[in-house]
Amino acid sequence: MNSVLTRPNAETVRFHLFSRSLHPELLEPLAVQQFRRDEYHLQLVLTTTGHYWSWTSPSGLQLSEMLAVQDFPLPQRGRVCRHRFEGEFSDSFRISPEIVYQTSLQREEQSSPVFRKIHEELLADGQNRGLIYHFHADQRFALAPLSLVTVDGCVDCLHINAFHTFPEEGIILKTMSMIETITKK
């Protein structure tokens, strides 16, 4: 771990969804994990601003989700949506006649004791499952920011949940995304 890495202010983080993958040079990876299944290929990347994941179907359909600071130079080509974290936001998109993407974004502000409890639960959960990155604290006894992404899936549905803590601000940014294959009956 590199102690120089710091999180940006939570207010500057934006959610981005693309109908394609992004060039790896746009990422500053802190931790990476890949999943290869018959139904999809998924790459997870934790970054200083949050996360990036890229999903590809066997037929070549692609979808990418990224959290980046507001002035980060991302391409316009393939952008499906961009959203600021304010309270709660949900949306869904039909990627193809058979595939639906749904997302829910949430920005939670918590008091110090509640934030600490949630932060510790996320840290404990991340030790058992998912991809986690625990930053260094700026001060000796301060909580250090963390990012945790968990993936749960079955043949027809993939759930990707991400949690990013900003201890100095008492803010937790969450994304809950689902990619579902609709089978014709």
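Reader: What makes the radius of gyration of the protein chain agree with that of a compact globule?

Author: The model is a predicted one. A compact globule of 185 residues would have a radius of gyration near 16 Å, and the protein chain has 16 Å, so the two agree. Along the principal axes, the C-alpha trace spans about 55 × 35 × 30 Å.

Reader: What share of the residues counts as buried, and what is the cut-off?

Author: Buried means under 20% relative accessible area. Of the 185 residues, 45% count as buried. The protein chain exposes about 9700 Å², with 48% of that area supplied by carbon and sulfur atoms.

Reader: How do you know what share of the contacts joins residues 24 or more positions apart?

Author: A contact needs heavy atoms within 4.5 Å. Among contacts with a separation of 6 or more, residues 24 or more positions apart account for 57%.

Reader: Which elements make up the protein chain, and in what order?

Author: There are one helix and twelve strands. From the N terminus on, they run β-β-β-β-β-β-β-β-α-β-β-β-β.

Reader: Why look for empty space with a probe?

Author: Rolling a probe the size of a water molecule over the atoms shows where empty space is left. In this model, the largest pocket holds about 390 Å³ of space. Its lining has 23 residues, and the closest to the centre are L143, F166, P167, E168 and E169.

Reader: What makes a residue part of that lining, and which element gives the most?

Author: A lining residue has an atom within 4 Å of a point of the pocket. Helix 1, residues 112–128, gives the most to the lining of the largest pocket, with three residues.

Reader: How do the residues of this lining divide by type?

Author: The lining of the largest pocket has ten nonpolar, eight polar and five charged residues. Glu counts as charged, so E168 and E169, both among the closest to the centre, belong to the charged group.

Reader: What is the volume of the second largest pocket, and which residues are closest to its centre?

Author: The second largest pocket has a volume of about 150 Å³. Of its 18 lining residues, E39, W55, S57, I99 and T181 are the closest to the centre.

Reader: Which strand supplies the largest share of that lining?

Author: Strand 12 does, with three residues. Strand 11 (157–166) and strand 12 (171–181) each supply at least two. By type, the lining of the second largest pocket divides into ten nonpolar, four polar and four charged residues.

Note on methods. Residues numbered from 1 in each chain as written. Predicted model: local features only at pLDDT ≥ 70, side-chain atom pairs only at ≥ 80, totals over all residues. Heavy atoms only, no water. 1 Å grid on protein atoms, 1.4 Å probe; cavity = no way out; pocket = protein on both sides within 12 Å on 5 of 7 lines; lining within 4 Å. Points joined across faces, edges and corners; volume = space filled by probe spheres on them. Helix = DSSP H or I, 4+ residues; strand = E, 2+ residues; numbered from the N terminus. Rg over C-alpha atoms; globule rule 2.2 N^0.38 Å. Buried < 20%, exposed > 50% of the residue type's maximum accessible area, 1.4 Å probe, protein only. Areas by Shrake-Rupley, 256 points an atom, 1.4 Å probe, with all protein chains shown as cover.
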